[in-house]
Amino acid sequence: MAAEKTLAILGGGETVKGTLINTPTLETGRLILRKFTERDLEWLFLILHDKEVNQFLPWYPIDSIEEAKKFYEERYASKYVQPQAYAYAICLKTDDHPIGYIKVDMEEHHDFGYGLRREFWHQGLVTEAGKAVIAQVKKDGLPYITATHDRNNPRSGGVMRNVGMKYQYSYEEQWQPKNFLVTFRMYQLNLDGNTDRVYKKYWDQSAAHFIEPNV
Ligand SMILES: CC(C)(COP(=O)(O)OP(=O)(O)OC[C@H]1O[C@@H](n2cnc3c(N)ncnc32)[C@H](O)[C@@H]1OP(=O)(O)O)[C@@H](O)C(=O)NCCC(=O)NCCS
């Protein structure tokens, strides 16, 4: 049973009283977006085990169900006890098994991120999931989302553009835990009508920052 909390949501100078549900289940044409549970560990393993799927993510591919359990506890169960979170399993409606994940963080960056098992790429599934998640966070009063991708992973930038995000700037980072230099492209979507807002923290934290023409 999802933990429910009635909160006053402040947005655009208005006070709206609403009921916030942590990771509320969403349905799209082909997908169910729902919380991960402990029963999903084998499915989570398949997502996290693949080298190519996990190449551009800030963790190493996993090799065991125990590691999948640890990942679930650290990155999902811990979020589901917060008052508000958006940490979804992407499931096909046909069988309700997780084939990927998608999230928006509640930290100041409101980072939007996703990953999908390779055999399901090129069908617009993450774009479909992303549009539904963004509609939900907008409804719940989040003012904006940001997302970053390695310049060598342009398909991820394709998803960002497909969901309406705009490229803002690029920056270099000695990326951890993999410890190599990455040029990230930062995208943003403002949800509260403040179209000029740019989240500058990554720009400010990196000495090497620039705007690439023609992105
Ligand atoms: C990135 C990822 C989630 C995309 O999933 P997907 O469901 O295949 O994506 P979608 O089909 O919804 O959208 C991608 C589309 O963006 C579009 N696109 C726009 N610009 C693009 C570009 N420069 N390069 C590639 N694709 C681009 C394409 O239409 C592309 O679809 P296609 O390759 O089937 O033609 C998937 O490849 C993945 O899981 N990668 C590994 C994890 C990862 O890198 N996550 C992001 C970390 S920042």
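This note goes through the predicted model above point by point, from the overall fold to the shell around the ligand.

1. Because the model is predicted, local features need a pLDDT of at least 70 and side-chain atom pairs count only at pLDDT 80 or more, while totals for chains, interfaces and linings use all residues. Residues are numbered from 1 along each chain as its sequence is written.

2. The chain holds five helices and 11 strands, where helices (H or I, at least four residues) and strands (E, at least two) are DSSP runs, numbered from the N terminus. The radius of gyration is 17 Å, close to the 17 Å that the globule rule gives for 215 residues, so the chain is as compact as a globular protein of that length; the radius is taken over C-alpha atoms, and the rule is 2.2 Å times the number of residues to the power 0.38. Along its principal axes the C-alpha trace spans about 45 × 45 × 30 Å.

3. Of the 215 residues in the chain, 26% are buried, a residue being buried if 20 or more other C-beta atoms lie within 10 Å of its own, exposed if 12 or fewer, and partly exposed in between, with C-beta atoms placed from the backbone. The largest nonpolar core has 43 residues, and those touching the most other members are L33, Y88, I90, I102, A129 and V133; such a core is a set of buried Ala, Val, Leu, Ile, Met, Phe, Trp, Tyr and Cys residues joined through C-beta atoms within 7 Å. Leaving aside residues up to four places away in sequence, A129 touches T28, L31, L33, I90 and I102, where contact means that the C-beta atoms, placed from the backbone, lie within 7 Å.

4. R118 lies in the loop between strand 7 (112-116) and helix 3 (125-139), and R118 counts as exposed because it has 11 C-beta neighbours inside 10 Å. Residues up to four places away in sequence aside, R118 touches D50, E52 and V53.

5. Around the ligand there are 23 residues, of which W121, H122, V126, T127 and G158 come nearest; a residue is near the ligand if its C-beta atom, placed from the backbone, lies within 6 Å of it. Strand 7, helix 3 and helix 4 (154-162) each supply at least two residues of this shell, and helix 4 gives the most, with eight residues.

Conventions. Two residues are in contact if their C-beta atoms, placed from the backbone, lie within 7 Å.
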